[in-house]
Amino acid sequence: MHGGVRYLEKAFKSADVGQLKLVFEALHERRRLLANAPHLTSELPIMMPCYAWWEVPYFWAGLKAYDAVAGGRGGGLTRSRFVSAREARTRFPTLAPAGPGGASLKGAIVYSDGQFDDARLALALALTAAAAGATVANYAAVTRLLKDPAGTVTGAVVRDELTGAETEVAARAVVNACGPFADSLRTLSDPASTPMMSPSAGVHVTLPDYYSPEGTGLIVPKTRDGRVVFMLPWHDVMIAGTTDAAAPASRLPAASEEEIGFILDAVKEYLTVDVRRSDVQSAWSGVRPLAVDPTAASTASASRDHVVAVGDDGLITVAGGKWTTYRLMAEDAVNAAVASAKLSAARPGVTAALPLVGAAGWSPALFTEVAQGYTVPHRPGAIDTRVAKHLAASYGGRAPAVTRIAEQEGLGRRLTRGHPELEAEVAYAARAELCETAVDFLARRTRLAFTDVAATEQALPRVLALLAQEKGWSWLRSRREAARAKKFLATFKGGAPPPPGLAGAG
């Protein structure tokens, strides 16, 4: 959840006003997101080590500029500062005292950015929309667009992917927000449409928590071979990455062994830990939906900014961008839809200060209330602090609803050893969070698949049993769900063919 330190560097080096605007917007949206979803977001101090004396003033000046662009008091986060080599290694004990080439650590600049749970935020947005009156449907695939005699899009035929049933949905405006798959819908509407997506794959690996301290991340903005390396604490593990390579928009992207080795070799140069392939608990690939404006004079390069394009048939496409600016992207898309539908009386957007589901009732000390309020016969306060913190951070003010299920239905056991997820969360996800499949729970309601794929496989049978009970699945449906989940989890183990043009992240 960041403005983009490297985008700011590019803005100053190239006098690129567009890059500066992107950073400014992202940093201000970061502040809004921290306020609107406090349970899912947090401040994360990040250390930028300096192994050459010239790097100290250069990085210091750049990060002070980052603070300034963010606004007063660093945009609500702690301002950047220089720390000595001794303090840097105290804060990040596994940081190497000498970098590539043997240069000794001169110190580090520590700055703050935001961190969040992306899947939980996506869910919170869907639930908040539903609470505001929207009809929300997951596993709904568009098979055909409806058009009037003039060729203007007036709706879509939608297929329920779980049952196969189809229905027509009429609309005064249709927005295509399909991420890296946006061109598929544009082609469905107009086979001659100009492609606007340039998908890029980014691989990350999960390593044990002892690789880095709990409260500080590390980023090396440019290694000797031009890569960006980051190591960030997240959900009691460390994630490291990333790669950036052209890739197809796959629904099951997977990390290759080459990409995993690429990341491990990069982080090895900056840590005192013996970096081993056997320590990788999970490895995954995501697809960045980089986009170009189909109406622009030049489409030579894709941008990290978002694009809103209205086709000749009235289809509105919003693409590109990044999570930090999701709200601004949505606002721009809705404004385009309002204009397209000629809704002149529409009220102005209110999302800039709209708390998301879970924000109400949350406080930094909520986990203590969760821990103290959890009771089972003869064992008041039977929940441990790690589980209480996990529930408060995942569900915010709705955490007591999960613990009530655990208490009243005897579902207070952990799903797998070493992880805080409870059996009660499966039931809650099925009842209140639109969870329809085992993969939904293992990757999109919790983050087990991303933190530890072996532990996830151990949890799978119990998750399937609980979902089968909640959903009334047949024996055959349960077997199909198990097969789908195992296929999905296989993508977190590495071994996929590498994409063409493997390169470090931009």
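Modeller: Let's start with a scale: a residue is buried under 20% relative accessible area, exposed over 50%, and partly exposed in between, using a 1.4 Å probe and protein chains only. What you see is a predicted model, where local features need pLDDT of at least 70, side-chain atom pairs count only at pLDDT 80 or more, and totals for chains, interfaces and linings use all residues. Residues are numbered from 1 along each chain as its sequence is written, and side-chain values use heavy atoms, with hydrogens and water left out.

Biologist: Thanks! What does Asp 236 count as, at 41% relative accessibility?

Modeller: Asp 236 sits in the loop between strand 10 (229-234) and strand 11; helices (H or I, at least four residues) and strands (E, at least two) are DSSP runs numbered from the N terminus. Asp 236 is not a glycine, yet its phi is positive, about 65°. Its relative accessibility is 41%, so Asp 236 counts as partly exposed.

Biologist: Now the whole protein. What is its radius of gyration?

Modeller: The radius is taken over C-alpha atoms, and the globule rule is 2.2 Å times the number of residues to the power 0.38. The C-alpha atoms fill a box of roughly 70 × 70 × 45 Å along the principal axes. For 506 residues the rule puts a compact globule near 23 Å, and the protein agrees with this because its own value is 23 Å.

Biologist: What share of the contacts with a separation of 6 or more comes from residues 24 or more positions apart?

Modeller: Contact means heavy atoms within 4.5 Å. Among contacts with a separation of 6 or more, the share from residues 24 or more positions apart is 69%.

Biologist: How far apart do the centres of the positive and negative side chains lie?

Modeller: Lys and Arg count as positive and Asp and Glu as negative, with His and the chain ends not counted. Each charge is placed at NZ of Lys, CZ of Arg, CG of Asp or CD of Glu. The protein has 55 positive and 50 negative side chains, and the distance between the centres of the two sets is 2 Å.

Biologist: Why is helix 13 (residues 423-432) described as largely enclosed by the rest of the structure?

Modeller: The buried residues of helix 13 include Tyr 428 and Val 426. They pack against helix 11 (385-395), helix 12 (399-409), helix 14 (438-445) and helix 16 (453-471). Helix 13 is largely enclosed because, of its ten residues, the number buried is eight.

Biologist: Val 439 lies in helix 14. Which residues is Val 439 in contact with, leaving aside its neighbours within four places in sequence?

Modeller: Val 439 counts as buried, at 8% relative accessibility. Between the C-alpha atoms of Val 439 and Val 463, 24 residues apart in sequence, the distance is 9.7 Å. With neighbours within four places set aside, Val 439 is in contact with Arg 444, Arg 484, Ala 485 and Phe 488.

Biologist: One more: which residues does a cis peptide bond join?

Modeller: Look at the loop between strand 11 (237-241) and strand 12 (245-246), where Thr 242 has its place. With omega at about 5°, the cis peptide bond joins Gly 241 and Thr 242.
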